[in-house]
Amino acid sequence: MKRRINVWTNIDWLTVVLYLILVFLGWINIYSAVYNEEHQSIFDFTQRYGKQMIWIVAAFVIAIFIMIIDSNFYSFFAYFLHFVILFLLIFVTLFGTEIHGSRAWLEFGNVRFQPAEFAKITTALALARYLSSQNVSLKSFRTYLWVATIVLLPATIILLQNDAGSALVFFAFVLVLYRQGLSFGVLLFGFYVIALFVLALVLEKLFVIFGTIGLALIVLWILNKRFKYVMVSALILAGSGGLFYGIDHFFHLNVPMYFIILGALVFSSIFYLIMAYWYKIPKVALLLLLLFGSIGLTYSVDHVFNNFLGSHQQKRINQLLGLSSDPLGAGYNVNQSKIAIGSGQLTGKGFLNGTQTKYNFVPEQSTDFIFCTIGEEWGFIGSFVLIGLFIALMLRLLFLAERQRSTFSRIYGYGVLSVLFFHFVINIGMTIGLVPVIGIPLPFISYGGSSLWAFTIMLFIFIRLDVSRLKVLR
Amino acid sequence: MALDTYAVRRNIIAFLIVLVALIFLVKLFLIQVVSSDYTPAATNNVVRRITQYPARGLIYDRDGELLVYNQAAYDIMVNPRHLQAFDTTELCNLLNIEKQYLSQKLQAAKAYSRYKPSVVLKLVSAETYARLQEQMYQFPGFFVQPRTVRKYKYSSAAHLLGYVGEVSDKLVDTSSYYKSGDYVGVSGMEKSYEPVLRGEKGVKIYLVDVHNRIKGSYQDGQYDKEAQVGTNIVSSIDMDLQRYGEKLMKNKIGSIVAIEPSSGEILAMVSSPGYDPALLVGRPRSKNYQKLKNDTLKPLFNRGLMARYPPGSTFKVINALIGRQEEVVFPSTTYSCHGGFYSGNFHMGCHNHPSPVDFIESIQVSCNTYYANVFKRIMQDDQFASISQAFTNWKGYLESFGFGHKLNVDLPNEVSGFLPGVDYYNRYYGKDRWGYLNVISLAIGQGELGITPLQMANMTSAVANRGYYYTPHVVREVKGEQRIDARFREKNQIMIDSTYFEEVIRGMELAVNGPPGSGSTARTARLDSITVCGKTGTAQNPHGKDHSIFIAFAPKEDPQIALAVYFENGGFGATWAAPAAKLMIEKYLTGSISVQWWEDYVVEANLIKHRKEEDETQD
Ligand SMILES: [Zn+2]
């Protein structure tokens with residue numbers, strides 16, 4: 001009984017109040033976004049605002065329930081819960097209900113449930129559990145392999161459900177790893193892979209292969225400080241390139257330039273390896289592995305983009321990368337979203353007076369584009385207040401995470417913060433045209449039970465852990 | 001507590017969070033506070049201004065009979081943004097149009113704007129609309145805009161009533177009121193009373209959603225403007241008389257203009273051949289217009305207002321009045337007439353009549369010799385130093401009768417007619433190198449005179465009034481206004497004493513009512529019950545048979561109607577124009593015709609056939 005009293009007195013009420021304000025703002029803005037004359041009552045359960053109220057009440061019940069559970073429960077069952085969610089994810093991928101092209105939903109009568117939203121929680125728990133265990137440090141390859149398994153497994157399944165937005169959220173955990181000591185080299189490697197990814201989409205394959213070869217030669221020079229090696233390598237490549245080109249030309253084979261250079265590179269690599277062995281030049285094998293890995297990645301990205309992605313995803317990526325600018329096509333929604341927000345001006349049009357969102361010029365105005373209603377009706381002042389509330393919440397979570405004695409709690413806290421931050425950046429960023437349109441909700445604000453419950457559970461587990469921070473010695 | 005070497009990274013993470021928030025706030029500040037592009041774009045999205053077209057004013061005749069009213073018609077519109085695949089064959093069948101026309105229109109609409117509606121087919125009838133309405137759901141993107149078209153009770157008076165057509169690009173450019181696709185009065189009263197008849201367009205401002213569905217009024221309708229219905233007008237036309245005139249003129253070319261002398265109100269203005277005003281309404285208008293325009297008999301040409309003829313002997317009335325006012329001729333002045341007027345080698349013929357004749361008899365028998373002498377005296381009047389001065393003085397009288405300039409009636413396209421001046425003869429013969437003999441044909445209304453039937457009827461009205469006229473007009477009342485335009489309420493005084501008019505009117509009375517054998521020229525215009533005063537005329541026509549002309553008013557003492565009648569190629573004035581004038585007078589004053597034979601005589605005559613044969617032989 002003593003413990004339970006401690007729970008209520010040790011709660012971080014500031015976080016709870018910020019949470020309550022955000023949930024309330026979400027509710028009234030959903031009301032405004034889908035307001036119609038026939039259903040004026042905000043408690044009309046046939047309308048989205050009525051339903052959202054039910055979910056809010058349910059979320060409060062869930063939050064209280066979480067506060068009652070013992071704090072050790074979460075770390076103890078972290079792996080188990082993660083397994084359950086992975087199982088559910090696989091289950092819905094095979095047998096789930098398809099909505100908006102994503103096979104990601106479980107349906108119980110009238111209630112729909114999206115396991116992907118909850119995968120974030122269990123991933124954060126499992127990751128915290130793993131990284132907080134003894135003898136685990138982000139210096140061994142084995143650790144990275146496990147981390148990748150915990151994070152990328154759910155992300156991959158979600159990607160297979162055709163819900164790229166939710167899958168991308170798992171990138172957020174990089175922030176957790178960073179805080180836990182992710183090495184600079186790995187981070188750099190990560191950025192390199194992302195850069196390659198983007199360049200593979202933007203540039204011709206031929207430029208990319210020349211670029212990676214050039215980069216490899218520079219790295220060779222940095223590693224050995226011997227300009228001679230660079231010259232010799234380049235000459236061998238040029239020679240075999242000329243040979244291959246000559247053969248192609250002489251026999252009229254008409255092999256594309258890309259494959260001629262690739263062939264020449266493979267041919268040259270045999271010489272490189274022999275010479276490296278002969279002259280005892282270090283790290284050449286690793287460098288070649290990296291080079292061929294990069295080429296393999298760019299090739300497969302290009303292949304996947306053109307053959308596996310849906311046309312609307314291609315359009316959105318093209319839009320973001322500046323490869324197409326069709327105001328009525330993929331950019332139309334962003335443009336309408338900016339019009340709605342921009343027309344709010346400094347003070348906004350007033351509650352229920354927004355026209356752009358209410359009359360459907362903005363798509364998904366109660367879910368992914370809920371920020372448009374806030375921008376239009378409450379103006380810059382309203383936008384400022386909302387962003388201020390999010391910043392306050394995120395900085396508070398950062399503060400709370402840092403004061404944890406338990407590594408598990410701290411890592412979990414960072415997990416919550418990372419996911420929240422990722423949603424915040426992508427969701428608001430896309431409505432004002434700073435990031436591509438990726439359909440993920442604004443935490444606590446957007447319409448939807450799964451999303452609201454998932455974020456509530458995620459947040460309150462951390463609040464519960466924070467309550468018990470002093471008891472844990474580990 | 002584990003050793004934490006990476007604690008400093010929390011600061012970097014905090015910095016990252018704040019940095020992103022700042023970037024967002026700067027961007028939000030730029031689009032919400034700094035940029036002024038988004039508010040108009042938002043307004044453009046949701047605000048639709050829908051023009052409210054008012055019903056056009058109605059037109060009544062002088063007895064209160066409704067002549068022109070409105071009928072619903074429908075423009076078929078398309079909004080390219082909402083177009084979906086549809087059965088083109090079925091739509092074409094419903095609208096009775098070619099597939100090619102439809103695809104052409106749809107392409108043009110898309111080229112004009114993807115978001116704004118365009119017209120596919122204008123002014124379809126209520127029947128077509130009713131058929132289409134049931135099938136409308138099959139054609140998303142198409143909708144119907146209600147308009148009105150003019151409807152005419154009678155197929156008469158087309159020139160007077162005029163017609164309504166689409167505004168020209170030029171008018172759209174110069175006017176702040178008209179927008180492309182609006183309708184405007186193009187001719188007749190529809191044109192001259194356009195500002196009264198059209199009313200004022202209104203506008204309703206709506207909020208629409210992304211599918212262009214109306215969601216409500218903008219700002220509770222406080223910027224809406226109600227359309228003002230057009231004002232009704234009462235024409236001075238007597239529709240019974242007008243239709244009777246058109247009946248008389250059937251198969252003839254010419255004109256009848258009848259005026260109420262006491263007010264200047266035009267009772268009838270017949271121009272033959274005419275056309276049915278219903279031809280220039282709605283969709284078939286342009287086709288019919290082309291057909292009428294290409295007709296060699298020029299049915300679109302309003303002869304009453306626009307045709308110029310020499311007045312012939314009717315002009316003797318004017319010269320008689322001027323001669324009396326100038327005191328170069330007196331009631332007792334007599335001239336003998338033996339086959340005409342002789343001066344040296346010059347000879348002007350006259351027809352056979354009792355001789356000698358005095359002033360009143362000269363009008364009764366229409367003696368050319370008498371008026372050659374009168375005109376000679378006017379031109380050689382001692383009080384003027386030269387013929388130029390005498391001629392200019394004479395011309396001044398003519399102008400006071402309304403000749404040589406526009407009368408400024410309330411109808412468009414009125415012409416001035418032509419009066420030769422001193423300059424004209426100076427140019428032709430050399431300065432001061434011409435004498436009265438050079439211009440003597442003016443004595444009997446031949447030569448270089450060009451006078452419209454309206455001007456002639458107006459002159460007759462001035463004679464009937466014994467010296468003044470009111471500017472002729474076709475509208476006697478604009479509903480809701482106290483009085484008509486001031487220019488129609490102002491007396492135009494002729495510079496001749498009213499006593500002289502009595503003498504001339506006596507001559508005109510005798511011309512119609514003189515006993516048989518007295519030489520009266522217009523006995524075919526005589527009525528038993530009404531004293532008609534008139535004067536025949538025969539205008540020489542270089543292109544064919546002379547024009548038959550008659551001017552008349554009645555009754556003599558209290559004139560109710562004054563008119564001028566022209567039958568092109570009708571020969572003598574007494575042959576056709578005089579009986580027609582008589583019938584018009586009797587019809588107007590009594591409402592019936594006493595001698596049916598006369599009506600049949602005029603109605604059954606076909607002077608067009610004759611003219612067409614002439615045209616053919618000339619070719
Ligand atoms: Zn004579």
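**Reading salt bridges and burial**

Modeller: Let us start with one residue of this predicted model: E399(B) has a relative accessible area of 36% and is therefore partly exposed.

Colleague: With which residue does E399(B) meet in a salt bridge?

Modeller: Its side chain meets that of K395(B), at 3.7 Å from N to O. Both residues belong to helix α16 of chain B, residues 387-400, and because they are four residues apart, about one helical turn separates them.

Colleague: Which residues are joined into one network by salt bridges that share partners?

Modeller: In chain B, R466(B), E502(B), R506(B), E509(B), K556(B) and E557(B) are joined in this way. Over all chains, the structure holds 31 salt bridges.

Colleague: How many residues apart in sequence are the parts tied together by R179(A) and E402(A)?

Modeller: The two parts are 223 residues apart in sequence, since R179(A) lies in helix α9 (residues 173-179) and E402(A) in helix α17 (residues 370-402), both of chain A. The closest N and O atoms of this salt bridge are 2.8 Å apart.

Colleague: Are R179(A) and E402(A) buried or exposed?

Modeller: The reasoning rests on a cut-off: buried means under 20% relative accessible area. R179(A) has 0% relative accessibility and so counts as buried; E402(A), at 16%, counts as buried as well.

Colleague: Which residue forms a salt bridge with E265(B)?

Modeller: The partner is R476(B), with 3.4 Å between the closest N and O atoms. This pair links distant parts of the chain, 211 residues apart: E265(B) is in strand β12 (residues 265-272) and R476(B) in strand β16 (residues 475-478), both of chain B.

Colleague: May we turn to contacts? Where does M348(B) lie, and why does this residue count as buried?

Modeller: M348(B) lies in strand β14 of chain B, residues 346-349. Its relative accessibility is 8%, which is why it counts as buried.

Colleague: With which residues is M348(B) in contact, leaving aside neighbours within four places in sequence?

Modeller: M348(B) is then in contact with G339(B), G340(B), F341(B), N368(B), A372(B), I440(B), S441(B) and I444(B). As for distances in space, the C-alpha atoms of M348(B) and T369(B) are 7.4 Å apart, while the two residues are 21 residues apart in sequence.

Note on methods. Residues are numbered from 1 along each chain as its sequence is written. Chains are lettered from A and ligands numbered from 1 in the order in which they are written. This is a predicted model: local features need pLDDT of at least 70, side-chain atom pairs count only at pLDDT 80 or more; totals for chains, interfaces and linings use all residues. Side-chain values use heavy atoms; hydrogens and water are left out. Buried means under 20% relative accessible area, exposed over 50%, partly exposed in between (1.4 Å probe, protein chains only). Contact means heavy atoms within 4.5 Å. A salt bridge is a side-chain nitrogen of Lys or Arg within 4 Å of a carboxyl oxygen of Asp or Glu.
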